[in-house]
Amino acid sequence: MNTHTHRHFFSASENVFLAAAMRERYTVAGSWPEDAVGVTDEVYTVFGGQPPAGQIRGIAADGSPCWVNAPVVQLSLVDQARSALTRAQQTVWAEFGALGDAVPAVWIAYQRALRAIADGTDTASTALPAAPGTEGAR
């Protein structure tokens, strides 16, 4: 019989660690997972923190935590354009607008091209235009 008192538990069904000190509160609230099992401090230290680059916490066949490759999320070209447009607007403001400088034509053209993809008026593009640099744009 294991007499070790666990400081942390792991629930495979919810892919979460739970502090043993909070067990009573979780139980009273009806939210303590039925599959929560005690884990060693080492398991908690390894899998309770930041995952290695490109990985996320997953569940091994035995229900224990493990690192697995993070899924690759592929955004649509429209969503990529929307995101790039937001970044471009922030860059233009920080590099030019906030200082009262004129926005270079290359940045205006870039934002117009992104906006056309984002709003659907450009349906022919298959990739985003290359972003201009801020170096030497002044």
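**Domains, dimensions and two residues**

Guide: This is a predicted model. The domain assignment divides the chain into domain 1, covering 8–69, and domain 2, covering 74–137.

Visitor: How far apart do the C-alpha centres of domain 1 and domain 2 lie?

Guide: The two C-alpha centres are separated by 42 Å.

Visitor: What radius of gyration does the chain have, and what would a compact globule of 138 residues have?

Guide: The chain has 25 Å, whereas a compact globule of 138 residues would have a value near 14 Å. Along the principal axes, the C-alpha atoms fill a box of roughly 75 × 35 × 30 Å.

Visitor: Which secondary structure elements does the chain comprise, and in what order do they run?

Guide: The chain comes to 4 helices and 5 strands. From the N terminus on, the order is β-β-α-β-α-β-β-α-α.

Visitor: Why does H8 count as buried?

Guide: Buried means a relative accessible area under 20%. H8 has 14% relative accessibility, and therefore counts as buried. This residue belongs to strand β1, residues 8–11. Setting aside residues up to four places away in sequence, H8 touches L18, A19, A20, V37, G38, V39, D41 and Y44.

Visitor: What makes P51 partly exposed?

Guide: The partly exposed class lies between the buried limit of 20% and the exposed limit of 50%. P51 has 30% relative accessibility, so P51 counts as partly exposed. P51 is located in the loop between α2 (41–47) and β4 (55–59).

Visitor: Which residues does P51 contact, leaving aside its neighbours within four places in sequence?

Guide: P51 is in contact with I56 and W67.

Visitor: What share of the 138 residues counts as buried?

Guide: The share is 22% of the residues of the chain. The accessible surface comes to about 9,300 Å², and carbon and sulfur atoms account for 55% of that area.

Visitor: Among contacts with a separation of 6 or more, what percentage comes from residues 24 or more positions apart?

Guide: Such residues account for 44% of those contacts.

Visitor: How many positive and negative side chains are there, and how far apart are the centres of the two sets?

Guide: The chain has 9 positive and 13 negative side chains, with the centres of the two sets 7 Å apart.

Definitions and conventions:
Residues are numbered from 1 along each chain as its sequence is written. This is a predicted model: local features need pLDDT of at least 70, side-chain atom pairs count only at pLDDT 80 or more; totals for chains, interfaces and linings use all residues. Side-chain values use heavy atoms; hydrogens and water are left out. Helices (H or I, at least four residues) and strands (E, at least two) are DSSP runs, numbered from the N terminus. Buried means under 20% relative accessible area, exposed over 50%, partly exposed in between (1.4 Å probe, protein chains only). Contact means heavy atoms within 4.5 Å. The radius of gyration is taken over C-alpha atoms; the globule rule is 2.2 Å times the number of residues to the power 0.38. Accessible areas come from the Shrake-Rupley method with a 1.4 Å probe; for residues, only the protein chains shown count as cover. Lys and Arg count as positive and Asp and Glu as negative; His and the chain ends are not counted. The place of a charge is taken as NZ of Lys, CZ of Arg, CG of Asp or CD of Glu. Domain bounds come from an automatic or database domain assignment.
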